[in-house]
2 protein chains.
Amino acid sequence: MILGSSGSIGRQAIDVTLSHPDDFRIIGLAAHKNVDTLLRQLEELNPIFVCLVNEEAARDLKARYSGPAKVLAGKEGLEEISTLPEADLILNAIVGSSGLAATLSAINAKKQLALANKESLVAAGDLVNERLKKQNMRLIPVDSEHNALWQCMVGEDISEISKMILTASGGPFWGKPKEASEKVTPEQALDHPRWRMGRRVTIDSATLMNKGFEVIEAHHLFGIPYEKIEVLVHPQSIIHSLVEFVDGSLKAHLGPTDMRLPILYSFSWPKRLQSTLERLDLAKVQRLDFFNVRTSDSPCLALALTAAEKGLSYPTVLNAADEVAVDAFLSGKIGFAEIGNIINTVLEKHDPITIGSIGDFEVVDAWARDRAESVVLRT
Amino acid sequence: MILGSSGSIGRQAIDVTLSHPDDFRIIGLAAHKNVDTLLRQLEELNPIFVCLVNEEAARDLKARYSGPAKVLAGKEGLEEISTLPEADLILNAIVGSSGLAATLSAINAKKQLALANKESLVAAGDLVNERLKKQNMRLIPVDSEHNALWQCMVGEDISEISKMILTASGGPFWGKPKEASEKVTPEQALDHPRWRMGRRVTIDSATLMNKGFEVIEAHHLFGIPYEKIEVLVHPQSIIHSLVEFVDGSLKAHLGPTDMRLPILYSFSWPKRLQSTLERLDLAKVQRLDFFNVRTSDSPCLALALTAAEKGLSYPTVLNAADEVAVDAFLSGKIGFAEIGNIINTVLEKHDPITIGSIGDFEVVDAWARDRAESVVLRT
């Protein structure tokens, strides 16, 4: 089951399943509103269910599609497809806040969940963890850094960790003077040196906000305190993350910068499958570099770490305001350096609450978006 | 139980146990003939048993020691101390061929064995594996590279490996022109840039013979074919080795270059203990480099890989001839570049047999030493 099949992770996940036809079969696809892509995927994959969350797009799909798959629509459709008895594993690669509802539905139905949706843990980590605990379940992280940490933890005991180290490529502006990054265009910011990703996450990489989100996700995924999570700039992105243990040993996961590798592992876990993905040749790479990250040079990372420490609904606001600010940057409404300022303004205005339900999340998320939009208008 | 307590690994192992007094207690010590060191260690550690393999040294120790430990002597003493019911774990850090007898005794007595003795696997790997299989036991490797591979394999399945990559610092002459290394003195060769080790292993590092031995050890330890074992030069010795899996993922073990780290893990396994060993700071290290190794530039490595592939008693001869040649170099009898030539000459003269017993090993080992000595005399 691929939720978010028209996005970058969704398409790469389909690629992975097509490379392993004896191991995986896609029985359902869900997307937001991209009818053309869905029609192509329906033809190629022949699933049993398909869902478009946007009702109008779903009607359009129904009109243009005559195959055997059952067409579902809206939030109800997404809930149905996230809980199907036929599915052994749900990949939640939805971009945006409707991903949280799908995560909670899948957990309620006790479905094995491979998670690539940022909102689920960044914006509602405590809520998701509470539901997981109730069901005695764990999430498999798809994100390359967290998947790397997950792999490093195979056979290890979480109580024997001294820290987790998330590597960061540093994005396209690493090592460039700050003034230069203040004048960048969306095209420059979208030109990520290492990873093929969606537009928002590419901008979030350039601001290092993405690394802040990943710190929050690691905290919730592995249940470790923030003081045990570090960020290390590693421009080659060959070491995908590291775990340091109490004895002083470190384990690292390495590989080519190809999201299909963590996607494959999240599907095959706890086994590994033979793949035809490119192999890493360290002698060809020749060298790996490492730098400390200074939060004074990375305002978005600093905002994320502060919001993380404060907890409650601050990370929810962080995520929502960031999405609005990044959209505004991509559509040319604001400059690159304004992204952090806008998020900061919204965070400062926020009265935090505990996110105890999806309703709480929706209220805070909507407030933060609304507030961020008006800050953008005034910028 | 520390066998080889006066050597480099033995002394560092004692250091490890003294740092963890609540976790470990040394109940016995064995060494070859270093009475002075043993007397100091007896005073410091107060074990129940002590053994000197050299009978004369044992008599000397008895004359000078009045403490409560039982003093054992000779091969019989070593066998007794390797099989003591009181010992939970035996560290075999004996340098040289008497280590093989201790390994086999400990296996026969079903003792958990942490192995640092090279001869056991390099010179008699098939024999040791046959005995382990009979007892349904596994060895814990202490050597930093193999301990790293062992750690990377925690929770993983050997059938899902595509290769094991042993890192090599390259020794003190890596990157230097070949002519320069031909004129080196023992002092220069003993000046290893990364690891604090015994004299023979330091010279074996400089010739890369040590890496050849490690390839043979990895083959026997993990039961993987030689074509799946690679050597990668990594001058900083921060990555201690890597495993590549069939999906394209790699796991690496990293840490400071301190043998006490793998020694500690081999004692605490499968748990990890909090240690006060130095922590690795990758941002301080700044960069890691990697190079392919060319066997054409490393005659000793090439000899080792050929002897490994040929199997039978060739690795036994390789080890014995190398020990003689390295001794001859250290005592100034031959030049650095002659080490490989002498080993090659002995290997070429060898009629291989199957090493099916310790007697077979002793015959081949003695033949190879004798032959190597006479080649040294003629050089």
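**Aromatic pairs and their surroundings**

Modeller: Over all chains, the structure holds eight aromatic pairs. The model is a predicted one. A pair of aromatic rings is described by the distance of the centres and the angle of the planes. In the pair of A:Trp150 and A:Trp269, the ring centres are 5.3 Å apart and the planes stand at 65 degrees; since an angle over 60 degrees counts as edge-to-face, this pair is edge-to-face. The two partners come from distant parts of the chain, 119 residues apart: A:Trp150 belongs to helix H8 (residues 144-152) of chain A, and A:Trp269 to the loop between helix H13 (260-268) and helix H14 (282-285) of chain A. A:Trp150 has a relative accessibility of 6% and therefore counts as buried. A:Trp269, at 32% relative accessibility, counts as partly exposed.

A second pair is found in chain B. B:Trp174 and B:Phe291 form a tilted aromatic pair, with 5.9 Å from centre to centre and 45 degrees between the planes. B:Trp174 lies in the loop between strand S8 (161-168) and helix H9 (178-182) of chain B, and B:Phe291 lies in strand S13 (residues 291-292) of chain B, so the pair ties together parts that are 117 residues apart in sequence. B:Trp174 counts as partly exposed, because its relative accessibility is 31%. B:Phe291 also counts as partly exposed, at 32%.

Aromatic rings take part in another kind of arrangement, between the chains. The charged end of A:Arg272 sits over the ring of B:Phe245, 4.1 Å from the ring centre.

Most residues other than glycine have a negative phi, and most peptide bonds are trans. The bond that joins A:Trp269 and A:Pro270, however, is a cis peptide bond, with omega about 5 degrees. A:Pro270 is placed in the loop between H13 and H14 of chain A. In chain B, a cis peptide bond joins B:Trp269 and B:Pro270, again with omega about 5 degrees. B:Pro270 is in the loop between H13 and helix H14 (282-285) of chain B.

Helix H13 (residues 260-268) of chain B is largely enclosed by the rest of the structure, because eight of its nine residues are buried. Among the buried residues of H13(B) are B:Leu261, B:Ile263, B:Tyr265 and B:Phe267.

A:Asn136, a residue other than glycine, has a positive phi near 55 degrees. A:Asn136 is found in the loop between helix H7 (125-135) and strand S7 (140-141) of chain A, and it counts as exposed at 70% relative accessibility. B:Lys110 likewise has a positive phi near 55 degrees, and its place is in the loop between helix H5 (98-108) and strand S6 (112-115) of chain B.

The packing of helices in chain B may be described next. Helix H8 (residues 144-152) of chain B packs against helix H12 (residues 209-222) of chain B at an angle of about 35 degrees, and their axes are 10 Å apart. The crossing of H8(B) and H12(B) is right-handed. From H8(B), the residues B:Glu145, B:His146, B:Leu149 and B:Trp150 meet residues of H12(B) that include B:Lys211, B:Glu214 and B:Leu221. By class, this contact has five nonpolar, one polar and four charged residues.

Helix H16 (residues 314-330) of chain B and helix H17 (residues 338-349) of chain B cross at roughly 145 degrees, and their axes come within 9 Å. H16(B) and H17(B) also form a right-handed crossing. The residues of H16(B) in this contact include B:Tyr314, B:Val317 and B:Phe329, which meet residues of H17(B) including B:Ile339 and B:Leu347. The contact of H16(B) with H17(B) divides into twelve nonpolar residues, no polar residue and one charged residue.

Finally, one strand residue of chain A may be examined. A:Ile229 lies in strand S9 (residues 229-233) of chain A and is buried, with a relative accessible area of 10%. Apart from residues up to four places away in sequence, A:Ile229 touches A:Met164, A:Leu166, A:Val215, A:Ala218, A:His219 and A:Ile224. A:Ile229 and A:Val243 are 14 residues apart in sequence, and their C-alpha atoms are 9.4 Å apart in space.

Methods. Residues are numbered from 1 along each chain as its sequence is written. Chains are lettered from A and ligands numbered from 1 in the order in which they are written. This is a predicted model: local features need pLDDT of at least 70, side-chain atom pairs count only at pLDDT 80 or more; totals for chains, interfaces and linings use all residues. Side-chain values use heavy atoms; hydrogens and water are left out. Axes are lines fitted to C-alpha atoms, for helices over the stretch in contact, and angles run from 0 to 180 degrees between N-to-C directions. Helices (H or I, at least four residues) and strands (E, at least two) are DSSP runs, numbered from the N terminus. A crossing is left-handed if the near helix is turned anticlockwise from the far one by less than a right angle, and right-handed if clockwise. Contact means heavy atoms within 4.5 Å. Ala, Val, Leu, Ile, Met, Phe, Trp, Tyr, Cys and Pro count as nonpolar, Asp, Glu, Lys and Arg as charged, and the others, Gly among them, as polar. Rings of Phe, Tyr and Trp (its six-membered ring) pair if their centres lie within 6.5 Å; planes under 30 degrees apart count as stacked, over 60 as edge-to-face and the rest as tilted. Buried means under 20% relative accessible area, exposed over 50%, partly exposed in between (1.4 Å probe, protein chains only). A charge sits over a ring if NZ of Lys or CZ of Arg is within 6 Å of the ring centre and within 35 degrees of the ring normal.
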